[in-house]
Amino acid sequence: MNKTGDKPKTWKRKLLYVVVALLILAIPVGIFAWYNFFRQLPQPAWITDNPEMNFLYGSIGGEASAGFPYWIMIVLPRIFGEYLPGPGGYAAFGLPWEEGQELPVGFSKKTVGFERVGFNCAICHATQYRITEEETPTIVAGGGSHTTDVQGLLEFLSRCAQDERFNADNILHEIDLTYRLSFTERAIYKYLLIPLVRDVLLQQGQSWAWTKDRPRWGPGRDAPMNLTKFILLEMPDDGSVDHTDFPSLWNLKTRVQAGRVWPEDDYSLTADFSKLDIPLEHMMLMNLAGDTTSYRSVIIDSALGLQPPMDTGLPPPDPITPFFRQRMAEIEDWILNTPAPEYPLDYDHALASQGAGLFEAHCANCHESGRDNRMGTVIPLAEIGTDPARAQSWTREAADRANEKVVVELGMERTPMSKPYDGYVALQLDGLWLRAPYLHNGSVPTVRALLEAPECRPSSFYRGYDLLDAQNLGFAALRCDAQGQTVYDLPEHCTARSAVSGCVPELKGWRYDTREAGNSAAGHLWGTELAAQEKDALVEYLKQRDKRTAGGAP
């Protein structure tokens, strides 16, 4: 009886031993997994203690869900150099790269278990310029990244993954030439990270297939609304073209006037403008076509677009973390109050004084900050006349689905995306000298060219070169002949053949063709009827506006 009665106790005791043994094993396994895959270390203080450096190199929280293993990112240009558009590694894609930094602007390095590289807002919003050919580029945070070829970078990563050389042996060999991984690190890279990253890049390449049926973005542009529709919302390809220049972010507080904006605590899932006591034509909206009701929503949605989760077969981590919320608030505060840089060259003071009156008469109603005017409002397509493709690519259905995705599914409170009438927002002109090319699609190389009739603007030019056109307000954008004269493609009756100056060397720049879908340089006729001397005066005035707004004298 005792032996029989002891059997349940014996089995219970054995079961307890098994449970205890499993727990003892689980603890070191859990510690190993946490340390090698989930442990997060803060970035260095030189980044996090400086708001500008934090914008350029700081994490926005995407490394856990979408970060690339650091050493894979480092060695890909060395192994697959033939897929680069030129020398210099990732700099070949026009990414601003400060001397002494290990990664370009817009790349964030952070340890989440292992060192990872993510993307941040600066990959689209940090610009650069040179005054002379010989000098090192000056990098400016918050400007539209006019040299950065995001599409080229994404295609490079996809082509690497399609190459049979993308395997553990080749990648580890290249890493070994620079750094000796530990035994554990090597095993993780060999059996997990390298195969996983290749699979993810192949999947991402397939998800970008729709871009092949459209004109290339080129440096300084992307397709923001189609990226939202086809990637985030998984909507069907509707054939639309929405190529858009990366906008500058300086001094956004000028885009917020009391009584003219969407209520900041209204997180509706549809933007019903009829419920507000603000005429829609008087309402300040964000994005280049008024697709968003507040700058905060633009920041949040753009940041989420930079961290699409890698498909690992496991549930993706929640992107809306306390750290993400903190970084959104920090970025919001920085861009609201950061002024545009001053024009770095001298200008004709007498002409600038003449230009002040011309600006007031022809430009101020749409572009002067701090007034009860049209700045920040959507100018209808019928009035502005610029290429309609970008405005027409966004729909009310897409806006409502985006609101459902972000507010309901992801749990991030923000004012809604919207769909006003088709048109483009009249922007403030902070840092205008550093925002070329102009119009929403970047179809006009200089301000002086924008003051010409559309048929007398260059039908093709070169984007992505960072040498300032000191005469015309913009960047050098044309090839030159043997005598150093810019080569134009203009009708014979056009006389403004000096509206673009400076030479783009062979093998530099990307040819922009205004005849391709979404690339038209039509419209925006304000100022085109001025006399040539008046146009020159207006350009000189616009050069010094940032000096004036910063407290300096014209």
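1. Helices (H or I, at least four residues) and strands (E, at least two) are DSSP runs, numbered from the N terminus. This is a predicted model, in which local features need pLDDT of at least 70 and side-chain atom pairs count only at pLDDT 80 or more, whereas totals for chains, interfaces and linings use all residues. Residues are numbered from 1 along each chain as its sequence is written, and side-chain values use heavy atoms, with hydrogens and water left out.

2. On a 1 Å grid over the protein atoms alone, a cavity is a set of points where a 1.4 Å probe fits but cannot get out, while a pocket is an open set with protein on both sides within 12 Å along at least five of seven lines; lining residues have an atom within 4 Å of a point. Grid points are joined across faces, edges and corners, and a volume is the space filled by probe spheres set on the points. By this rule there are two cavities of 30 Å³ or more.

3. The largest cavity has a volume of about 60 Å³, and strand S10 (residues 460-463) gives the largest share of its lining, namely three residues. Among the lining residues are His146, Ala436, Pro437, Arg463 and Phe475. With Ala, Val, Leu, Ile, Met, Phe, Trp, Tyr, Cys and Pro counted as nonpolar, Asp, Glu, Lys and Arg as charged, and the others, Gly among them, as polar, this lining has nine nonpolar, two polar and one charged residues.

4. The second largest cavity has a volume of about 30 Å³, and its lining consists of Ile60, Gly62, Glu63, Ala66, Gly118, Phe119, Leu306 and Gln307. Helix H4 (63-66) and S3 are the elements that give two or more residues to this lining. By class, four of the lining residues are nonpolar, three polar and one charged.

5. Two of the backbone features lie in one loop. Ala436 and Pro437, both of which line the largest cavity, are joined by a cis peptide bond with omega of about -5 degrees. Pro437 lies in the loop between strand S9 (423-425) and helix H17 (447-450), and Leu439 lies in the loop between S9 and H17 as well. Leu439 has a positive phi of about 75 degrees although it is not a glycine. Most residues other than glycine have a negative phi, and most peptide bonds are trans.

6. Where does Leu473 lie? Leu473 is in the loop between strand S11 (468-469) and strand S12 (474-475), and it has a positive phi of about 70 degrees although it is not a glycine. Buried means under 20% relative accessible area, exposed over 50%, and partly exposed in between (1.4 Å probe, protein chains only). Leu473 is buried, with a relative accessible area of 1%, and Leu439, at 18% relative accessibility, counts as buried too.

7. Three strands form an open antiparallel sheet in the order S1-S3-S2. S1 and S2 stand at the edges, each with a single partner strand, so one side of each has no neighbour in the sheet. Two strands pair if DSSP finds at least two bridges between them. S1 and S3 are joined by two bridges, with Pro69 the partner of Arg116 in S3, while S2 and S3 pair over six bridges, with Lys109 the partner of Val117 in S3. The hairpin of S2 and S3 has one residue between the strands, and Gly113 there takes a positive phi near 80 degrees. Five of the six residues of S2 are buried, so this strand is largely enclosed by the rest of the structure.

8. Strand S4 (residues 126-129) is covered on both faces, with Ala126 and Gln128 buried on one side and Thr127 and Tyr129 buried on the other. S4 and S5 pair in the antiparallel sense over four bridges, and Thr127 stands opposite Val140 in S5.

9. Helix H6 is mostly covered, since 10 of its 13 residues are buried, including Val150, Leu154, Phe156 and Cys160. Its cover, counted by contact (heavy atoms within 4.5 Å), includes strand S2 (107-112), strand S3 (114-119) and helix H8 (183-207).

10. The second largest pocket holds about 990 Å³ of space and is lined by 38 residues, of which Ala91, Ala92, Phe93, Gly94 and Lys508 lie nearest its centre. H6 supplies the largest share of this lining, four residues. By class, the lining has 17 nonpolar, 10 polar and 11 charged residues.
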